[in-house]
Amino acid sequence: MSRFKDFGSGPDLSGAEPVTFKLHGETFNCRKAVQGKLLLVLVANADDPVKSAEAMNKFFEMVLLPEDYKKFEALCADPDKIISVDTIAEIAAWLVAEYTNRPTQRPEDSPTGA
């Protein structure tokens, strides 16, 4: 008997809610889900400042929709709208939590309302 396991084709994202955030009055739209490996790379490079910065830049490029990534990059380069590294880290942490902790479907309400 051979050793084999089919890991399927991933979650159905057709009903998944979009992931969005607002910064300096602009709304940024992200992908509904991201590759798990992207999150692993982000965590793996957390202890090296240079690799962490590279991974963070790649993370935003991969999670933001292309037109929103361009808008995000332009905002980050605007000398009149400062975005601190703490804010960047807070956004990234929130996105990671959204991509790792939320179910693919909302739980149904119980008949008793409890």
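In the hairpin formed by strands E1 and E2, 2 residues lie between the strands, and His-24 adopts a positive phi near 50 degrees. The structure is a predicted model, in which local features need pLDDT of at least 70 and side-chain atom pairs count only at pLDDT 80 or more, while totals for chains, interfaces and linings use all residues. Residues are numbered from 1 along each chain as its sequence is written, and side-chain values use heavy atoms, with hydrogens and water left out. Helices (H or I, at least four residues) and strands (E, at least two) are DSSP runs numbered from the N terminus. Strands E1 (residues 19–23) and E2 (residues 26–30) run antiparallel and are joined by 5 bridges; pairing requires at least two bridges found by DSSP. Thr-20 stands opposite Asn-29 in E2.

The axes of helix H2 (residues 49–63) and helix H4 (residues 85–101) come within 11 Å and cross at roughly 55 degrees. Axes are lines fitted to C-alpha atoms, for helices over the stretch in contact, and angles run from 0 to 180 degrees between N-to-C directions. H2 and H4 are therefore oblique to each other (angles under 35 degrees count as roughly parallel, over 145 as roughly antiparallel, 65 to 115 as roughly perpendicular and the rest as oblique). Met-56, Phe-59, Phe-60 and Val-63 in H2 meet Ile-88, Ile-91, Ala-92, Leu-95, Val-96 and Tyr-99 in H4, contact being heavy atoms within 4.5 Å.

Because Glu-61 and Lys-58 are 3 residues apart in H2, about one helical turn separates them. The structure holds 2 salt bridges.

Key
A salt bridge is a side-chain nitrogen of Lys or Arg within 4 Å of a carboxyl oxygen of Asp or Glu.
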